[in-house]
Amino acid sequence: MTAEQVTDTLVLPKFGETVEVTPVEAPVDRQDLRRRAAVAACDAAAAVATAAALGWVLDSLPLQQALAVPAGWTITAWAVGAYHRRRLKIRLGDARGLLLTTVTLLAATSVVATLLSLSGARPLILAAVPATAVAAALSRVALRRFTRAGDALAAAPLVLYGPQDAVRRFCSAAGRDRSAPTIAAACITDLGRAGGDHASWAGGWDGPGGRGLTVVDATACPGDDPGAALDAVVDTVRRSGADTVVVTGHCDPDALRALSWRLEAHAVGVAVTPLWPVSAERVSVRTYGDATLVEVTPPRYDGARLTVRHLVDRAIAGLALVLLSPVLLGVAAAVKLTSPGPVFFSQLRTGQGGRRFRLLKFRTMVADAETLKAALATANQYTAGTLFKVRHDPRVTPVGGILRALSLDELPQLVNVLRGDMALVGPRPTATPPEQMRSDYRRRTLVKPGMTGLWQVSGRSNLPWEEAVRLDLRYVENRSLSMDFDIVCRTLPAVLSRDGAY
């Protein structure tokens, strides 16, 4: 039993009615090849542009050595698996692959320079490789932003398989990720047993991004041929060109194995969603007798690696304060000359371990903003949470509005990073004392608050409070160098878009 494919509205056939399905095979392998070739081409173009620029800027860097970087970068990226199909299947911008390529190429060029005693290798190592990494990251971000669902470079779509509630939860979570693959169809395993819910699907239901979602009845009713429900899934996969079936919610192991066998002939994989959002770095698979176990290791909030990370944050913050000193002085003068009151605004915030510290910002409101806060309580859009945000806040000065739109008011927090109160990447610090936080939100204090984070690059003040909490907890549970690198790469486009900045 299947459903007719729709875009805006959904028409379900009557139960027992036969729907003819025309199988259409999608060129999934060719699509993956295009994605990998596009990423490699972006990397090569970024490397060539960086080499040409450095060869012109640095007289001590011979052009022939600078041009060795593009070839070295491409070969190294291929060697470390940065262009592997699995790695680029979900995201075109693979932060972990970029970081691994950079570290490997730096190590390789250092060894070669030492063995061959190349006098021009020092600027090559100190300038060309990191600059190429930054250029490659920016080119991938641009490629990802210009790739939309249905494009030639879009990832192959997914087909969901599971009960209604689990399918809806998965679609809701996937809709928050703009880079996620398209969900082409949902094969509902309990549609035939829940007659009262047919109307909610028959009226049409949007998947992630507002795209129409094809709904297929894959219910194995008692007395029916169990293979008929699996036929509906296979036909849906063939029509949509999907290369993966995502099993949501609870599924009988025997039924799951039978489904994988049926999809095996079409080279379609089966993925099972975990119980909660967890990064791939924390997941490992091992066997225990005849059982297959998916083990989730606990996150680490201390250790030598984190100590090095905090030292690097402080070093970068100190360097940024020196390089941005003209900007800081200009902003300070603009604040002082256009509005009476102090240049900086400081407020007690909660940091790692519940420790309270004073956060620094450029003042963007009138001097008596705190006394006017009570009068705007009814306009607070975060009444369910601890933040206080008012769209078109009358307390914001004209210069303050510009600073907020460009996030320039946050630059003094580099001092907080230098002091060790904050990190460059992490959950935003809240003014709520730890004893007033609810238990799940208190987990944010397990790590240092950051100048930027998932909340900032995912919509900022446009997000509801519960979504902001979810993003913060996701970062705390799954943070890694690759996640930090990805957030940093997404910060500048998020700032320039001014989405949710007020």
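Buried means under 20% relative accessible area, exposed over 50%, and partly exposed in between, with a 1.4 Å probe and protein chains only.

This is a predicted model, in which local features need pLDDT of at least 70 and side-chain atom pairs count only at pLDDT 80 or more, while totals for chains, interfaces and linings use all residues. Residues are numbered from 1 along each chain as its sequence is written, and side-chain values use heavy atoms, with hydrogens and water left out.

The protein chain has 17 helices and 11 strands; these are DSSP runs numbered from the N terminus, with helices being H or I of at least four residues and strands E of at least two. Of its 502 residues, 45% count as buried.

I turn to the largest nonpolar core. It holds 29 residues, and Phe362, Leu414 and Ile487 touch the most other members. Elements giving two or more residues to this core include helix 11 (304-323), strand 9 (356-362) and helix 17 (481-497). Helix 12 gives the most, with four residues. Contact here means heavy atoms within 4.5 Å. Isoleucine 487, setting aside residues up to four places away in sequence, touches Val425, Thr452, Gly453, Leu454, Val457 and Tyr475.

Which residues of helix 12 are buried? They are Leu328, Val331, Ala332 and Val335. Viewed down the helix axis, the buried residues fall within an arc of 100°, so they line one face of helix 12; the arc is that of the directions from the axis to the C-beta atoms. On the other side of helix 12, Pro326, Leu329 and Leu337 are exposed. The cover over the buried residues of helix 12 includes helix 11, strand 9 and helix 13 (398-405).

Two loop residues remain. Arginine 479 lies between helix 16 and helix 17. Arginine 479 is buried yet has no salt bridge, and the nearest side chain of opposite charge, aspartate 484, is 5.9 Å away. A salt bridge requires a side-chain nitrogen of Lys or Arg within 4 Å of a carboxyl oxygen of Asp or Glu; for charge, Lys and Arg count as positive and Asp and Glu as negative, with His and the chain ends not counted.

Serine 407, in the loop between helix 13 and helix 14, has a positive phi of about 60° although it is not a glycine. Serine 407 counts as buried because its relative accessibility is 19%.

Technical notes
A nonpolar core is a set of buried Ala, Val, Leu, Ile, Met, Phe, Trp, Tyr and Cys residues joined through side-chain atoms within 4.5 Å.
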